[in-house]
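Here's a quick tour of one model, going from a single helix to a sheet and then to a helix pair. Have the viewer open as you read.

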Amino acid sequence: MPEPTSPYYVTTAISYPNGPPHIGHAYEAIAADVIARFQRAQGREVRFQTGTDEHGLKMARKAEEQGKTARELADEMSHRFRTMCDALDVKYDRFIRTVEEDHHRASQALWQAMEAKGDLYLDRYEGWYSVRDEAFYDESELAEGEGGEKLSPQGTPVEWTVEESWFFRLSNYGQALLELYDTNPSFLKPDSRRNEMRAFVSGGLRDLSISRTSFDWGVPVPGSDDHVMYVWVDALTNYLTGLGYPDETENMAKFWPADLHLIGKDIVRFHAVYWPAFLMSAGLPLPKQVFGHGFVLNRGQKESKSLGNVTDPLELADRFGVDALRYFLLREVHFGQDGSYSAEAIVTRVNAELANGFGNLAQRTLSMIFKNMDGKVQPVSEPSEADRTLMDEVCLSIDTLQEKFAALSFSEGLEAWMRAVFACNQYVDEQAPWSLKKTDPARMVAVLMTLLDQVRRLAIALRPVVPSSCDRMLDQMKVAADARLYANVATDWLAAAASEGIVLEKPEGVFPRLEQPEEEAA
Ligand code: ME8
């Protein structure tokens, strides 16, 4: 286990702003934000970077189609990505744009470091290129489409490209990469992705074309005015730019190597083959982990303009609530695998677990405390066996949640959390505190306070996933803003709150029940 206080650096992929953000972008940003918040709540100093990848042929062509300059398109769309993050409570430390001056400088410095190592040479590229993937492919990797056209392994069209290009001696790094996967299995997760990359590298690596001369929308290659860098060279460098590379900054010392590059399964090759090879060449330490998550599908289908099923993630957030969307995406999909979403699935999951499960537990507890105890927080002096059992179960579930979240198994972590919520609701039914007011008021106090403390714990545990709702709940419980970390789960909050004379006011529910939309409810 890492030191709980060691710094933690997490990044998302930087998105192509050639169109507005889609649900996949929202999914990745939310997951990375949950990781960042989780690590902060563990007491670690966290840096979280996201942003947009603005160079390359794909951007240049899209802008041309729209009668804009690439820069105009980038400005317009990058803004939409940043707005999406802000709207979804994705709290980044830096939103990087690859058109920024410091990024050009960092990319050129990395280039020069690879050149100084003797890993770059000038030659002629002749081969297949997919603009949609911004990737070069070997003839042997291509498939045939229905009309006989050649397609990339991702199913995108490829075009024959011939141009002068700088090359990177990727072929020199095959052995080192295989050693990396074998000696450090946590470098690339899940394991299935590692097996894929192992097979790809074992098949032999060809040198990589890393500059382009047929267009100029990119980072200029130092010393070769008519070349711009292959977009992936500059894109990958963003992870260093954000820390101040090439300068020996405090952030470089503190946060590099990154703890986690969170990316989707389609871009694992760039992060687990090219990126470590570039870094080895430049003499820089390698990131600790690359995790390739799965895809989010709309009712089992990939979203596409031609199917007319593209959903704006902000519309989903408006319709169901930001926290509902965040919870659903992490709870529903086994992280690492593909998953599906639909309006019905969101409503069903959120109503069962947040509204009827946790929300109802909190609202019942706080209302009874307000009505029957004038809102006064009191310690539990003599907990019964049932009280202790419940507390132990809740604490154990929160331990499990932490273990699972540390391993990026979000749905399993939330499942453990949900079991604790069920245990609390069962305890309310069994203890029936409403019937104790007249018969045994001291016992009623013990039951309600035991519940209050479990609600506090469960809200702290869930906070990285649904920050604003949990904060509203903890505000109502008057839990101090600096007492919402995992370390506070075990503290004797009731005694401290009672001695401060904390009195709770009339509570308001924080997890509304969602309506099943009529047209989709059938
Ligand atoms: O690949 N579900 O950008 P991008 C989940 N610029 N994730 C998805 C997804 C889906 N349906 N569709 C895409 C790029 N993603 C490059 C990255 S990093 C140095 C450069 C994920 O806008 C995708 O896998 O095409 C990637 O991690 C991210 O969204 C951005 O994709």
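This is a predicted model. Let's start with helix α4, where His103, Ala106, Ser107, Leu110, Trp111 and Met114 are the buried residues. Looking down the axis of α4, you'd find these buried residues within an arc of 135°, so they line one face of the helix.

After α4 comes Gly118, with a positive phi near 85°.

Now for the sheet. It is open and built from six strands, ordered β3-β2-β1-β14-β15-β9, with parallel pairing. At its edges stand β3 and β9, each with a single partner strand, so one side of each has no neighbour in the sheet.

| Edge strand | Residues |
|---|---|
| β3 | 94–97 |
| β9 | 188–189 |

Inside that order, β1 (residues 8–12) and β14 (residues 260–264) run parallel and are joined by three bridges. Here Val10 stands opposite Leu260 of β14.

Finally, how do α12 and α16 pack? Helix α12 (residues 343–373) meets helix α16 (residues 441–462) at an angle of about 140°, and their axes are 10 Å apart. That makes α12 oblique to α16. The α12/α16 crossing is left-handed.

Key:
Residues are numbered from 1 along each chain as its sequence is written. This is a predicted model: local features need pLDDT of at least 70, side-chain atom pairs count only at pLDDT 80 or more; totals for chains, interfaces and linings use all residues. A residue is buried if 20 or more other C-beta atoms lie within 10 Å of its own, exposed if 12 or fewer, and partly exposed in between; C-beta atoms are placed from the backbone. Helices (H or I, at least four residues) and strands (E, at least two) are DSSP runs, numbered from the N terminus. The arc is that of the directions from the helix axis to the C-beta atoms. Two strands pair if DSSP finds at least two bridges between them. Axes are lines fitted to C-alpha atoms, for helices over the stretch in contact, and angles run from 0 to 180 degrees between N-to-C directions. Angles under 35 degrees count as roughly parallel, over 145 as roughly antiparallel, 65 to 115 as roughly perpendicular and the rest as oblique. A crossing is left-handed if the near helix is turned anticlockwise from the far one by less than a right angle, and right-handed if clockwise.
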